[in-house]
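Dear colleague,

Please find the structure below, followed by an account of what was found in it.

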Amino acid sequence: MAKRKAELAPSLLSADFGLMAEATKLVRDAGLTYVHFDVMDGEFVPNITFGPKMVADLRDDAGDLVMIAHLMVAKPERYVDDFAAAGADVVTVHAEATPHLHRALQQIKAAGKRAGAAVNPATPLGVLEDVLGLADFILIMTVNPGFGGQAFIEGGLAKIARAREMADASGREVLIEVDGGVKSDNIRRVADAGADVIVAGSAVFGAPDPAAAITELQSALDS
Ligand code: DX5
Ligand code: ZN
């Protein structure tokens, strides 16, 4: 099998919310493929961020970037269509946030978007077994969701490897996205464990020079 090349997906959570267009253009101008939107409702996670209008308002600035809407919201079915209409390319819901994960993924696909299924650190991968025929992305949380700047949960590496095996055994193109605590000193290990898309929030937008931080992360990835 051709060697996979993991790609960086900066998260705007750590960007200045007053400068989101600039942050989005910085990701676009870095020549990256993905940008990650962390949608938080204050119920599923303790934090609150933004809704579908943020995606809509940044759609033009994003250009050809693949916009991933990571919905850390309870009952995400309520918002799937709004994020699809706003221009998200991928909508990711948490297995823990709905009793009807399969139907939520069907709903995302019916809206013409790619579907992601996310699991928190304590959630076993087994909950995803029966949606591998539907999901386009599996999102492995390597921090407990809600905030940027947290420490990477090392046990996540083995979980990424298991998710990789599951995805490869599915016979479908299922991308593994990894999210939380990724820095230049662990990004290579995350990629080697089997990640296809690697989120970095504070490592990019918490840095004094986000463009340089992207270059550093990219070179760590390419090393
Ligand atoms: C956490 C979010 C992550 C977060 C990553 O709930 O899902 O995407 O923004 O931020 P860092 O890279 O700073 O851990
Ligand atoms: Zn996220």
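His36 touches Ala9, Pro10, Ser11, Leu12, Ile68, His70, Glu177, Asp179 and Val199, not counting residues up to four places away in sequence; contact means heavy atoms within 4.5 Å. With one of these, Asp179, the side chain of His36 makes a polar contact, side chain to side chain, at 3.1 Å. A polar contact is a pair of N or O atoms within 3.5 Å, where within protein one must be able to donate a hydrogen and the other to accept it, and residues adjacent in sequence count only if both atoms are side-chain atoms.

This is a predicted model, in which local features need pLDDT of at least 70 and side-chain atom pairs count only at pLDDT 80 or more, while totals for chains, interfaces and linings use all residues. Residues are numbered from 1 along each chain as its sequence is written, chains are lettered from A and ligands numbered from 1 in the order in which they are written, and side-chain values use heavy atoms, leaving out hydrogens and water.

His36 belongs to strand β2, residues 34–40. Strands (E, at least two residues) and helices (H or I, at least four) are DSSP runs, numbered from the N terminus. The relative accessible area of His36 is 0%, so the residue is buried (under 20% relative accessible area, 1.4 Å probe, protein chains only).

As for the whole protein chain, there are 8 helices and 8 strands. Of its 223 residues, 56% count as buried. The C-alpha trace spans about 40 × 35 × 30 Å along its principal axes.

Yours sincerely

Terms used. Buried < 20%, exposed > 50% of the residue type's maximum accessible area, 1.4 Å probe, protein only.
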